[in-house]
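Student: I've just opened this one up and I'm new to it. Could you walk me through a few spots?

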Amino acid sequence: MKLKNKVAFITGGTSGIGLETAKLFRAEGAQVVIVGSNAERLAEAGKELGGEVLLVSADLRKVEDIEHAVEQARAAFGRIDIVFANAGASTVAPLEAITPAYVEENVALNFAGVLFTIQKTAPLVPKGGSIIVTTSFLNTVGKPGLSVLAATKAAARSLVRTLGAELAPRGIRVNAVSPGTIATPFYSKIGLTDAQLTEVAAALTEQVGLKRFGDPAEVAKAVLFLASNDSSYTTGVELVVDGGLTQF
Ligand SMILES: NC(=O)c1ccc[n+]([C@@H]2O[C@H](COP(=O)([O-])OP(=O)(O)OC[C@H]3O[C@@H](n4cnc5c(N)ncnc54)[C@H](OP(=O)(O)O)[C@@H]3O)[C@@H](O)[C@H]2O)c1
């Protein structure tokens, strides 16, 4: 029970890495708030989590939605010990296909969404609290068609250092978890056909040292480490969970 009596606020908690983390946090004794934008997935995730979680609907591209979500968590629990700013999404766009609207959309969710999630939750985070941001292997290696997502993830990684420095005097730690290729619904939403996805997955698997996709539960365990007191002297870092993809 590493998170006994802790309150955790998890964005993107309705699917993939966020949902697995919500399950693990519950098992470790935390009270969990999950945030998502799709009402159906939110209800489904609530069921999967046994109904004992606060479900909050918000489009994290909108600051007012983030404020509303945080207010619901405050009204229910009065504080937030752990913030997992994890929600993210994108579609593949090679250089010639990128438009200002595409850039705006990506930045709004994958960078500003993270920044404002931290800004709005921070006042509720007590001394000893932990903030974790999901970055990506894409901020270390270049993969065609994902330039804007990769740039937002690199910006999020940078944010972890700066906000880590800003919040350290309050005894709040800020870290990132950087997943490699993890088997989640993420890939089904990036705008590739099934045939293209199979090809991309095979090519990526070849580049992973351990020669397989990771399981979201393997990322959740790293998030638990960063969320719990086990990492009490760790702040500003990015914990890489990628089977060696960015190392070998
Ligand atoms: N899977 C990988 O290989 C991989 C690799 C590197 C990094 N990551 C990062 O890991 C994080 C989690 O991704 P995942 O793989 O678990 O993907 P996922 O299963 O597709 O989950 C994405 C989550 O983000 C939420 N979300 C998306 N747009 C949102 C919006 N506008 N407002 C609120 N919530 C929104 C989704 O909820 P709704 O559907 O309800 O909107 C969902 O809960 C992302 O930041 C992703 O970039 C994943």
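Student: What should I know about the model before we start?

Tutor: This is a predicted model, where local features need pLDDT of at least 70, side-chain atom pairs count only at pLDDT 80 or more, and totals for chains, interfaces and linings use all residues. Residues are numbered from 1 along each chain as its sequence is written, and side-chain values use heavy atoms, leaving out hydrogens and water.

Student: Are helix 4 and helix 5 roughly parallel or roughly antiparallel to each other?

Tutor: Helices here are DSSP runs of H or I, at least four residues, and strands are runs of E, at least two, numbered from the N terminus. Helix 4 (residues 100-121) and helix 5 pack at an angle of about 20 degrees with axes 10 Å apart; axes are lines fitted to C-alpha atoms over the stretch in contact, and angles run from 0 to 180 degrees between N-to-C directions. Angles under 35 degrees count as roughly parallel, over 145 as roughly antiparallel, 65 to 115 as roughly perpendicular and the rest as oblique. So the two helices are roughly parallel.

Student: Is Arg 170 exposed or partly exposed?

Tutor: Look in the loop between helix 5 (147-167) and strand 6 (173-179) for Arg 170. Beyond residues up to four places away in sequence, Arg 170 touches Ala 122, Pro 123, Val 125 and Lys 127, with contact meaning heavy atoms within 4.5 Å. Its relative accessible area is 36%, so Arg 170 is partly exposed.

Student: And what is the relative accessible area of Met 1?

Tutor: Met 1 sits in the segment before strand 1 (7-11). Leaving aside neighbours within four places in sequence, Met 1 is in contact with Ala 27, Glu 28 and Gly 29. Met 1 counts as exposed, because its relative accessible area is 63%.

Methods: Buried means under 20% relative accessible area, exposed over 50%, partly exposed in between (1.4 Å probe, protein chains only).
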